[in-house]
Amino acid sequence: MFRCTKAIAALSLSFACASTIAQGYPNIGRVATDKEVAAWDIDVRPDFKGLPKGSGSVTKGMEVWESKCASCHGTFGESNEVFTPIVGGTTKEDVKAGKVAALTDNKQPQRTTLMKVPTVSTLWDYINRAMPWTAPKSLTTEEVYAVTAYILNMAEVLPDDFVLSNENMAEVQKRMPNRNGMTTNHGMWALKGKADVQSVACMKDCKGETKIRSELPDSARNVHGDLSQQNRSFGPVRGVDTSKPPSTEPVGSQVRRDAVANASQQVKVAAPAAKDGAAVAKQNACMACHGLTNKIVGPAFSDIAAKYKGDASAVSRLTERVKNGSSGAWGPVPMPSQAHLKPEDIGTVVKWILAGAK
Amino acid sequence: MKDDVKKRGRILRAPENFLDANLALEITEKGLNEERRGFLRKSFLAASAALASGSALAQAAASAATDGDVNILTLPEHSTTLGKPVAANPYGVPSRFETNLLRRESPGLTRVNAASVSFTPLQGLFGIITPSGLHFERHHQGWHDIDPGRHRFMVNGLVKNPKVYTMDDLMRLPSVSRIHFIECGANTAMEWGNVAVPAVQYSHGMLSCSEFTGVPLSVLLDDCGYDRKAAKFILAEGADGSGMTRTIAIEHALDDVIVAWGMNGEMLRPENGYPLRLVVPGVQGVSWVKWLRRIEVGDKPYATKDEAIHYIDAMPNGSYRQYTSIQECKSVITTPSAGQRLLDKGFYNITGLAWSGRGKIKRVDVSVDGGKNWRAARLETPVLSKCLTRFNIDWVWDGSPVVMQSRAVDESGYVQPKINELRAVRGTKSIYHNNAIQSWKLDVSGEVSNVQVY
C-alpha cells in the first residue's frame, strides 16, 4: 500500500509513512504513544522478548502464594479443588532429560501444569496478565518473579534460596521438566496442512463390525437434567424423560400416541428464576470453594450459618469478610478478597448464607 | 351514524374517531375484554355485530369431544381477541413456548463457572445460523459488558506505525460480512475415551455459526505498515481478566481473518466479545479472541498459556503437539439425536450439520445400519467455505433398532474418520480435536441414545 525508502532518515521515515497512511484512510486511527504501547505490550515470549527487568525470591514467592494463590491452587500447588493442579508428576530425572516420564507411563492420575509447560516464559506471562483469579494484573513485577520461582521450587526445579530474575531466566529454562516435550511437526497448524488421519469413504457392504463399543452408563442418564425439558415440545421428536428409566415398550401403540398428543398441548412455561442468594453465589463462583453442606476449600455454608446463629453482628462481620477477605477463621487457607462483588450482591449472599443457604 | 349503516355495500367504514382516545389506548395496552367490548358495541353497532360470537363459541366447545379436535372446533383466545401491538417487545424475544432451548452448562465439567462453557442446543436449531442468544460461550475469566465508547484497539510490534483505533474508527473502514462456524478445540472432548454425555447439546454444542461483520485484519495491518519481510506471526490479545492471547501465522492473518463487531446483523453479544472480537475462520474458537484489544506483529510464536498448557494434543509417545489449531472436517446428525424420542414409526427427515476448517463440504453420507451401507444426503444451500452446511436425507423407520451415523467429506478430499481411526494415530490421552463420526442408537421404544460404534 505504501513504501518508505531506506534513504530517508529514521525520524522523517516515520513521518513520511504517517502521511502516506493518511492517504489510504484519512483520519482513521492515530499513532499510539510510547507510553500507550508500553502499558499494553505485556506479552513475554519464549526467547524472553518482553520480559521486564526485575527479580523475586522463592521466599517472597511463598508469602505471595499463601495470601493470594493458595485459596484456589492449594498450599503446595497440588490442589484440584478449583483448577487442575499446577505442581506434581515431575521428577529430578525429568529436569535432567527435559521430558516428563509420567506423560508416557501415564501413572499420574492427572496431568499437571508443570508436567506439560515447556517454557518458563509461559508461566511468567500468564501469572503477570491473569492472576490472581479475582484481581488480574494486580501483582507487582517482583511478585510475578517470586511466584514463578516459588512454583518451580515446589516442583523441585529450583532450590529454596533461589532468586529468579530476567538475568537468569534463560538458565532456569534449561531446567524446565518438559522443555523438550512439544512438537510442531504436524499438519494441524496451517489451514493447508496435511491431515494425520486418512479415512476412506466406503459406501456399500463396508468392512468392520457394527458393534456397540460404549454406551452411556445408566447412572449418567439424568446427570444433565431432564432432557424432556431441553427439547422442543412439538415437532418430529420429543426430549426423553431421563428422570425415568428407558422404556422397553415398542413405539407406536395407540396409548403412546394419545399420551404424546396430550403432551404436545401442555407446554409448560418456566418462570424466570429470581435473583436469590443461591444464584448470586453460583454466578460469582462462591460454590467453587464452599459447598452447601460440605467443606471444599472453605467451610460449608451450613457450618457458617450454624456458627453465627443468634449473633446480631453476623451480617456486618460476614459482609466485611467477603469484601476484604479473611484468614484464620476456618483453618490455614485464607479467603481472598471478593471486592469485585457489588455491595447488594454481597448483602444478598450473606443473608442467604445466614438463613441456612437453602 | 344511522345513515352510514343504511348505505348499501358489503363493507362498512368505521366512522372517524368512533373510539375515544382513552378507550383506544386501553385496548391497545390491554387487549379486548367483555367490559371494553361493551363500550365498542355502544360505540359502533356494526363492529359489535362481528364480535357477537360468544354463544357460538360455547356450543363448539360442548361438541368438541365427539365431533373433532377441540383445537379446531373451539375458537381460541388468540382468534377472538385483539393481539399485542407492534413493538410490545422492542427487542424481540423467542416465544414463551421456546424456553426449553437454552445454552446450558455440563455439570461437573469445571468447578468455576466463570472459566467454563455453555453449550448451544443444536438439537432444536434449523439451517446453519445460530441465534445470537444461543451462541455457545467459553470464558477463561468471566465476561464483561464493555463500554464501546471506551474500548480501544491497538496494533503494535513489527509495524512502521503502532496505531490506536476507536470503535468509531474501525466501523468507518470498509467492512465485510461472512458466515463462518466457530468450534471449540475441545468440542466432543469428553468422548475421546468413552461415551460420556447424554445429548448432542453436550457432545457437539461448543459449535455455532454466525454472519460476522468487521474489517479484514489485512486492512489494519496494511494501515499500520506491517513489516512484510520480518513479520511471521501475530499475537491477538483480549481485554478481559484472562488477557487471552493466541498466536496466528501471518499468512492466515492476511487471508480471511476479520476484526469483527457485528454478528447476525446486530452487534456482538457481550458473552461473545462485545464490542470487538477476532474471527479466525477454520481455526478453533480459542483463537477468536474476544474483547480484542491488541494485535502485535512478531517474528516468532508466543507459546502463551493456551498454546503451551491447554489446547495442545497429547500423543501416545508422551509428546504434545503444539499450536494444533485447525478444526478438521466433521459432521453430526442433530435430528434425531441422543436424548430424543421418536413418536412413531414411519417417515422422518434425518438432518444434521457438517463443517470443515479446510474449506467447503463436498458430500455428507448417512448410514442407518451402523456404518455397513451409506447414502449421500442432500446438502442445503448455501454451501460456504469454513461454514456449517445443513444436510437432509429421507428415511422410513420400520420400528426396529438401528444405529445412525453421518460422515462428511470436504473439498480437500478429507474423509471424516471413525473414532478408532483417530485413536490409532493420536492415542487416548488427547482431549482436543475429536472429529470422529458420531453414532446414535435408536431403540424399539423410539428413544435415541449416544453410543460408540466402529
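**Figure 1. Pairing of strands β7 and β12 in chain B of the predicted model.** Strand β7 (residues 233–238) of chain B runs antiparallel to strand β12 (residues 292–298) of chain B, and six bridges join the two. One of the residues in this pairing is B:Ile234, whose bridge partner in β12(B) is B:Val297. Strands of a sheet pair through backbone hydrogen bonds, either parallel or antiparallel.

**Figure 2. An open sheet built from strands of chain A and chain B.** Six strands are arranged in the order β1(A)-β4(B)-β3(B)-β12(B)-β7(B)-β8(B), with mixed pairing.

**Figure 3. The interface of chain A and chain B.** Here 121 residues of chain A are in contact with 137 residues of chain B. The area buried between the two chains is about 10,800 Å², and carbon and sulfur atoms give 56% of that area. Across the interface, 58 residue pairs are in polar contact, with both residues at pLDDT 80 or more. Helix α7 (residues 120–130) of chain A supplies five residues, the largest share of the side of chain A that touches chain B. That side of chain A comprises 58 nonpolar, 32 polar and 31 charged residues.

**Figure 4. Strand pairing between chain A and chain B.** Strand β6 (residues 237–239) of chain A pairs with strand β16 (residues 340–342) of chain B in the antiparallel sense, over three bridges. Within this pairing, A:Arg238 stands opposite B:Arg341 in β16(B).

**Figure 5. Salt bridges between and within chains.** Side chains of opposite charge can pair when their charged atoms come close. Over all chains the count is 37 salt bridges, and between chain A and chain B it is 12. A salt bridge joins B:Arg294 to A:Asp43, with the closest N and O atoms 2.6 Å apart. Within chain A, the side chains of A:Lys92 and A:Glu156 also form a salt bridge, at 4.0 Å from N to O. This second pair links distant parts of the chain, 64 residues apart: A:Lys92 lies in helix α4 (residues 92–97) of chain A, and A:Glu156 in the loop between α8 (141–154) and β3 (163–165) of chain A.

Terms used: Residues are numbered from 1 along each chain as its sequence is written. Chains are lettered from A and ligands numbered from 1 in the order in which they are written. This is a predicted model: local features need pLDDT of at least 70, side-chain atom pairs count only at pLDDT 80 or more; totals for chains, interfaces and linings use all residues. Side-chain values use heavy atoms; hydrogens and water are left out. Contact means heavy atoms within 4.5 Å. Buried area is the accessible area (1.4 Å probe) that two parts lose on being put together, summed over both. A polar contact is a pair of N or O atoms within 3.5 Å; within protein, one must be able to donate a hydrogen and the other to accept it, and residues adjacent in sequence count only if both atoms are side-chain atoms. Helices (H or I, at least four residues) and strands (E, at least two) are DSSP runs, numbered from the N terminus. Ala, Val, Leu, Ile, Met, Phe, Trp, Tyr, Cys and Pro count as nonpolar, Asp, Glu, Lys and Arg as charged, and the others, Gly among them, as polar. Two strands pair if DSSP finds at least two bridges between them.
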